[in-house]
Amino acid sequence: MEMTAQFDAILISPIGAIGIRADTQAVTSIVFLDGELSALPPKKNTLAHLACVQLMAYFDHPTFEFDLPIRLAGSKHQLDVWEAMRRIPAGQTVTYGELAASIGSNARAVGTACGKNPLPIVVPCHRVVAATGLGGFMGGKKAAPLAIKRWLLTHEQARVAVALPRSAQRF
């Protein structure tokens with residue numbers, strides 16, 4: 001099956017192609033796509049069109065607040081993490097540990113839930129960082145996903161503290 005058939009729309013954005021899935025009631029997933037893809041206009045009268053419009057508004061204005069009907073499906077813990085992430089304002093970051101403390105969890109479990117976020121950008125998992133730097137993105141620490149996280153944080157003018165290794169610190 002052709003990749004574009006899996007999505008209700010494909011948006012070409014400053015960070016590459018983004019696949020969007022939606023049904024008649026909610027946006028259900030946003031996926032960063034690899035490779036050279038063409039835009040796939042949203043099917044008529046779908047929430048995929050609204051998602052495209054709002055994502056482009058975010059790319060034009062990083063403080064844009066999403067107002068999409070979304071459906072998140074996951075465990076209670078994942079839903080708690082994703083809801084907490086939705087409360088992090090643009091331009092701000094929290095650490096995995098800080099978010100974990102706010103919901104009575106632990107940093108590793110929060111990181112795992114972040115990696116399973118089905119609606120990145122709209123549910124801003126990129127705003128959750130490690131205590132000593134960027135942390136992971138999209139379930140790992142590979143270069144391409146981390147470049148997307150770095151771009152999103154830079155776009156929002158967020159500051160991320162990067163600690164030097166102990167051997168490089170001067171006392």
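Arginine 127 sits in the loop between helix H4 (107-115) and strand S5 (128-129), where helices (H or I, at least four residues) and strands (E, at least two) are DSSP runs numbered from the N terminus. This is a predicted model, in which local features need pLDDT of at least 70 and side-chain atom pairs count only at pLDDT 80 or more, while totals for chains, interfaces and linings use all residues. Residues are numbered from 1 along each chain as its sequence is written, and side-chain values use heavy atoms, with hydrogens and water left out. The protein chain has five helices and five strands, and from the N terminus on these elements run β-β-β-α-α-β-α-α-β-α.

**Arginine 127 and glutamate 156**

- Arginine 127 counts as buried because its relative accessibility is 8%, buried meaning under 20% relative accessible area, exposed over 50%, and partly exposed in between (1.4 Å probe, protein chains only).
- Not counting residues up to four places away in sequence, arginine 127 touches Tyr58, Ile88, Pro89, Ala90, Gly91, Gln92, Thr93, Val94, Leu153 and Glu156, contact meaning heavy atoms within 4.5 Å.
- With the same exclusion of residues up to four places away in sequence, glutamate 156 touches Tyr58, Pro62, Ala90, Gly91, His126 and Arg127.

**The three-stranded sheet**

- Three strands form an open sheet in the order S1-S2-S3 with antiparallel pairing, two strands being paired if DSSP finds at least two bridges between them.
- The edge strands of this sheet are S1 and S3, each of which pairs on one side only, and neighbouring strands are turned by 25° against each other on average, direction ignored.
- Strand S1 (residues 9-13) pairs with S2 over five bridges in the antiparallel sense, and the two strands form a hairpin with two residues between them.
- Within this pairing, isoleucine 12 has alanine 17 of S2 as its bridge partner, and leucine 11 stands opposite isoleucine 18 in S2.
- S2 and strand S3 (residues 27-32) likewise pair in the antiparallel sense over five bridges, and they form a hairpin with four residues between them.
- On this side, isoleucine 18 has phenylalanine 32 of S3 as its bridge partner, and glycine 19 stands opposite valine 31 in S3.
- Strand S2 (residues 16-22) is largely enclosed by the rest of the structure, because five of its seven residues are buried.

**Nonpolar core and contacts across the chain**

- The largest nonpolar core holds 42 residues, of which Ile20, Val27, Phe59, Met85 and Ile121 touch the most other members; a core of this kind is a set of buried Ala, Val, Leu, Ile, Met, Phe, Trp, Tyr and Cys residues joined through side-chain atoms within 4.5 Å.
- Helix H1 (residues 47-60) gives the most to this core, contributing seven residues.
- Leaving aside its neighbours within four places in sequence, valine 27 is in contact with Ile20, Arg21, Ala22, Leu47, Ala51, Leu68, Pro69, Ile70, Arg71 and Leu119.
- For the protein chain as a whole, buried residues make up 39% of the 171 residues, and among contacts between residues at least 6 apart in sequence, 61% join residues at least 24 apart.

**Packing of helices H3 and H4**

- Helix H3 (residues 96-103) and H4 pack at an angle of about 100° with their axes 8 Å apart, axes being lines fitted to C-alpha atoms, for helices over the stretch in contact, and angles running from 0 to 180 degrees between N-to-C directions.
- H3 and H4 are therefore roughly perpendicular to each other, since angles of 65 to 115 degrees count as roughly perpendicular, under 35 as roughly parallel, over 145 as roughly antiparallel and the rest as oblique.
- The contact between these helices is made by Tyr96, Gly97, Leu99, Ala100 and Ile103 of H3 and by Ala107, Val110, Gly111 and Cys114 of H4.
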